[in-house]
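Here is a walk through a two-chain model, written for someone who would rather look than calculate. Have the structure open next to the text as you read.

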Amino acid sequence: MTSERRVPSRADVVVIGAGIVGNSVVHHLAELGWRRIVQLDQGPLPDPGGSTGHASNFIFPVDHSREITALTVDSMRQYEKLGTLTTCGGIEIARGPERAEELRRRLASATAWGVPAELVGPGRVAELVPFVDPGIILGGFWTPSVAVVDPLQAGALMREQATAQGALTVAAGVQVTDLRTRRGRMSAVCTDAGEIETDTVVIACGVWSPRIARLAGARIPLTPVVHQMIDVGPIPALAETGTEIAYPIIRDMDALMYERQSGPDLEIGSYAHRPILHEPDEIPSIEAAALSPTQLPFTQEDFDPQLEDALALFGSILDTPGAGIRHAINGLLSLTPDGAPVLGETPEVAGLWSAAAVWIKEGPGVGRMLAEWMTGGDPEIDPHGADIARFYPHQRTPAHVRARATEGFNKIYGIVHPREQWTSARPQRVSPFHARERALGAEFFETGGWERPQWYESNRALLDEFGDRIPGREHEWDARWWSPVIDAEHLALRERVAMIDLSAFAQFDVSGPGALDYLQHLAMAQVDRPVGRLCYTPLLTPGGGFRSDLTLVRLGEDSFRVITGGADGARDRFWFTRHLPADGSVSFADVTSAVCTLGLWGPRARDVLSACCADEAGDLTNEAFPFGTARRITVGTVPVLALRVSYVGDLGWELHAPFEQGLRLWDTVAEAGAPFGIVPAGIGVYGTTGRLEKGYRLMGAELDAEYDPVEAGLALPRVKSAEFVGKRPYLAARETGPAATLCTLTLGAPAEHADESGIPRYPQGGEPILTGDGERIADRKGRGSFVTSAGSAPSLGSYLLMAYLPPEHAVEGTRLQVEYMARRYPVTVARVGRTPLFDPDDTRMRS
Amino acid sequence: MEVLVCVKRVPAAGARVPLTGDGRDIDTRHLGFTIGPHEECAVEEAVRLVAAHGGRVTVLAVGPAECAEQVRYALAMGADRGVLVDAGRSDPDPEATAGAITQAVRTLTGGEEPFDLLLFGDCSADAGHHQVGIRVATGLGLPIVSGVKALEVAGDGLRMRREAGDGVEVYRVPLPAAAAVREGLNLPRYPSLPGRLRARKAELRTVAVEPEPGGLRTVRLRQPADDRAAVVVLGHGAAAAPAVVDVLDELGVV
């Protein structure tokens, strides 16, 4: 393999970094036909001094995230193919009951993502790892496929293969001094060994990534954080195995630690100590580092409290005479604001890609994902949870990254509820209604930095009226970050009317002579409709999966408003701006911060709006203002763009108003609505109960790049003649039919989903759907069936689950099972496809 | 046997030692701290002596409160008691350090059994003045042997050996005595987990002394010329084998 300090003057792509990620990226780029790949690293090979060199190198495949599990399983396959994987098994153990419950949830994720695993008792744990004291544990989650890998060797082999293909030049000991851009696009990489002209650069620099990205004016939001590790040995009982690893790895989850054999030593790592953050600019150079730049001096006092936990569990060998702490480091790893990797093209600079904040367990999978993404725009594994474009500007600031990394560090081994909210760096973005909402006792959830009321404590009185129709949630886990008030707000909306703050929508104005063609090219639905008409449309990936779904409003011949969810607004903005034509025929403006939105829905919505909308455009009858249209009206003194549309399936409007008049809009509607019993309702209704009753799909839950519109039940009767992204695979999907179809399932009577204590349980999403016999269900593409969304349906008096099911199970009336916390409960397929369970003809919404 | 081991908190630097802007100090902002290898051997030797002959090991460090980290490290290796000597200044020179230790020893032994043996590292890992042990021994009127590579109890005293050119010098020393030992004296143990837990909870005694002015002043520190190893590619695949053999031959390993 060629490795020197001379660099070529031109390259098709420059990959910066020769850790597991960079090595994997060059390998997969070469596999996909890229040539003239140049790989740089400031350090020497094979261990340039980054986090790959000091990682503990074990892999537990199961994660609650489907995307992360998929990346991990793919990585294990690759490590194995390279001969660098040793299977040893692994056990996550529980000391306390809360963790035991979490392990049951873990099992559900394992089943959902297709990783064999089982729950075992303390005796079995001690059989597998005889040094563990079974007396202090309640049980374990045993995953036989857990393995250790050699990422340095794997990386060397990957570089070798790419070099042998004639695709790769490696230059080690080379410093990147600048990244040059021209008109917002990469143009060259400057190094202390020469300049390389290139329009594509991948930053795979681990903890240094933010520093390198900044050279091009881009931000990679991560921070180096310390993870402490010690090696204790020599331990004769381990030494006599004569091998690197003979016993399963233990993750002592309650202590936030792990213990693994490493030859004659026991390696102990901790995520329990205080968060210790570093600055990318202050990482020592290779020469100045005592061990390596990412192995910082051990701070003993931070680790000391963990010693007792380790001794309690492993006292039988840690207390061996002669065994001591032979090695101890503060190892640096990368942490992001939400804990997920940072992958994809940076929003700031075209052609500049990030491949950062990746663990050893995901490295090779990330390499493949990124290479596919760079090559065809469409990785096999949906990347939305790791997409660098997911971050809004405030989320890319160092202050935000530090705050969330500090808060997130102890969550690495923590028990994190799926609805758990972050507490730091809040509030960031507040709607103009915020003051009123606070006064009403709103419980705020955060989306994209927006503070959104999930429910209002002021509505607790509604429980007197509706309480008998609202089943309580006796189990604390099911009721965490939830309130029965949500269901009460729902029923108040369905019976009367409610107002919902939707200011978190991301909104874009697209205009100009090329606007129609531009949107036609991105949207699956027909965009060329009369002025004043709305259009709900999926945006597809090149592979025909979902990239987004959103609403378009034709405001004029050449002007459109795009309205999309706050959670995905940053990614959508990136998608729209990257596709803008170069000829200037389309202008794009992000008007999110200029527009606030109030939803007004319920059978009395027309009465309320009529009472405060008395001008000449105020004919709100169904004939004058039918469903699916938009009009400019005046509410009190506030000019409003009103859209006759609903995500909760009831009569009403989205009212879009100037941000600065938002408070006036809120007060006007609230006052006009008072005689009709209006209440504010939260996102608990909008995003879950109302939505699920209507079978509406949610981007990131039901919709992602791994499913197509035919499967999601969103295929349209006709395919428009205009070309659009993903059209060909969409046409193919219509021909072949769905491998799985999105269905709505119902839980049975409370007794049917009661646990061993007789408490009815409520799945929260992510659980596997099994056959009536308890067999895992997977479709012909290998995708397991799991709960994409779950929530109560107060108007139906039931609890709904959405899941993709293969054709043999996607039959209404079929009895299946859902596995929740290691118990199985019967469910019934209530609906196949998109027809809502509630008001299936949409009579209410269209009245 | 009552043994006192003196240790110094020193920065653990990499290949290149970072200096402060004025060039008078090591820039320790990103460095960890440790005790030097000679002192690790001194602690190890003391622990072994006491294990074999009874008594206690006391570990002492002069300097700021952070020195507790190094004292506790020695406690984790098996020392019994820890003493911090607050000399009132952050970096005393060898003369001031020796003065502080001498005063502290007098304080510690006032009314108690005197120490039978004082152990020092031959020199500190950072400054390397080779003075403190000798100055303390002189101050206390004790015999001292420096550069000690072997040490054993012999009768009422100790037998110590040190390398001298191609030969070996052997000393018989009556107790109480002092020794400045060198790396290689023994193979120091790693601190055990139970030892570490004990050390963490141990109470350290702080002894205040009247600082004496030293006579040594650091003018400037300089980085040695950059002699970063250059990577030489010897060849590729099997063709590289003869060159590799030549290198191994040159190193005398084949």
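Predicted model: local features only at pLDDT ≥ 70, side-chain atom pairs only at ≥ 80, totals over all residues.

In chain A, the bond joining A:Gly233 and A:Pro234 is cis, with omega at about -5 degrees. A:Pro234 sits in the loop that runs between β14 (223-233) and α7 (236-239) of chain A. Chain B has a cis bond as well, going from B:Leu175 to B:Pro176 with omega near 0 degrees. Here the proline, B:Pro176, is in the loop between β9 (167-174) and β10 (177-181) of chain B.

Next, the backbone angles. Which phi value does A:Arg183 have? It is near 50 degrees, a positive value in a residue other than glycine. You'll find A:Arg183 in the loop between β10 and β11 (185-191) of chain A. Is A:Arg183 buried or exposed? It has 7 C-beta neighbours inside 10 Å, so it counts as exposed. A:Ala357 also has a positive phi without being a glycine, this time about 60 degrees. Its loop lies between β21 (352-356) and α9 (363-376) of chain A. A:Ala357 counts as buried because it has 28 C-beta neighbours inside 10 Å, and the cut-off for buried is 20 or more.

Now look at A:Arg182, which belongs to strand β10 (residues 176-182) of chain A. It counts as exposed, since 9 C-beta neighbours fall inside 10 Å, and the cut-off for exposed is 12 or fewer. A:Arg182 and A:Ala350 are 168 residues apart in sequence, yet their C-alpha atoms are 9.7 Å apart in space.

Two helix pairs in chain A are worth a look. Take helix α1 (residues 20-31) and helix α5 (residues 151-164) of chain A: their axes come within 8 Å and cross at roughly 30 degrees. α1(A) and α5(A) therefore count as roughly parallel to each other, a label used for angles under 35 degrees. The crossing is left-handed. On the α1(A) side, the residues that meet α5(A) include A:Ile20, A:Val26 and A:Ala30, and among their partners in α5(A) are A:Pro151, A:Met158 and A:Ala162. By class, this contact has seven nonpolar, five polar and one charged residues.

The other pair is helix α17 (residues 605-612) and helix α18 (residues 662-673) of chain A, which pack at an angle of about 115 degrees with their axes 8 Å apart. Their crossing is right-handed. A:Val608, A:Ala611 and A:Cys612 in α17(A) meet A:Thr668, A:Val669, A:Ala672 and A:Gly673 in α18(A). That contact has five nonpolar, two polar and no charged residues.

| UniProt domain name (unreviewed entry) | Residues of chain A | Distance between end C-alpha atoms | Helix and strand content |
|---|---|---|---|
| FAD dependent oxidoreductase central | 377-431 | 35 Å | 20% helix, 0% strand |
| Aminomethyltransferase C-terminal | 764-830 | 18 Å | 0% helix, 46% strand |

Over to chain B. It has six helices and eleven strands, and its C-alpha trace spans about 75 × 50 × 40 Å along the principal axes. Of its 254 residues, 39% are buried. Among contacts in chain B with a separation of 6 or more, 71% link residues 24 or more positions apart. What about helix α6 (residues 241-251) of chain B? Of its eleven residues, the number buried is zero, so the helix lies largely in the open. After α6(B) comes B:Gly252, whose phi is positive, near 75 degrees.

Finally, where the chains meet. How many residues does the contact take from each chain? It takes 22 residues from chain B and 24 residues from chain A. On the side of chain B that touches chain A, the largest share, five residues, comes from helix α5 (residues 193-201) of chain B. By class, that side of chain B has twelve nonpolar, four polar and six charged residues.

Conventions: Residues numbered from 1 in each chain as written. Chains lettered and ligands numbered in written order. UniProt positions renumbered as here; feature names shortened; annotations may be inferred. Helix = DSSP H or I, 4+ residues; strand = E, 2+ residues; numbered from the N terminus. Contact = placed C-beta atoms within 7 Å. Nonpolar A, V, L, I, M, F, W, Y, C, P; charged D, E, K, R; others polar. Axes fitted to C-alpha atoms, helices over the stretch in contact; angles between N-to-C directions. Parallel < 35°, antiparallel > 145°, perpendicular 65-115°, else oblique. Left-handed = near helix turned anticlockwise from the far one by under 90°.
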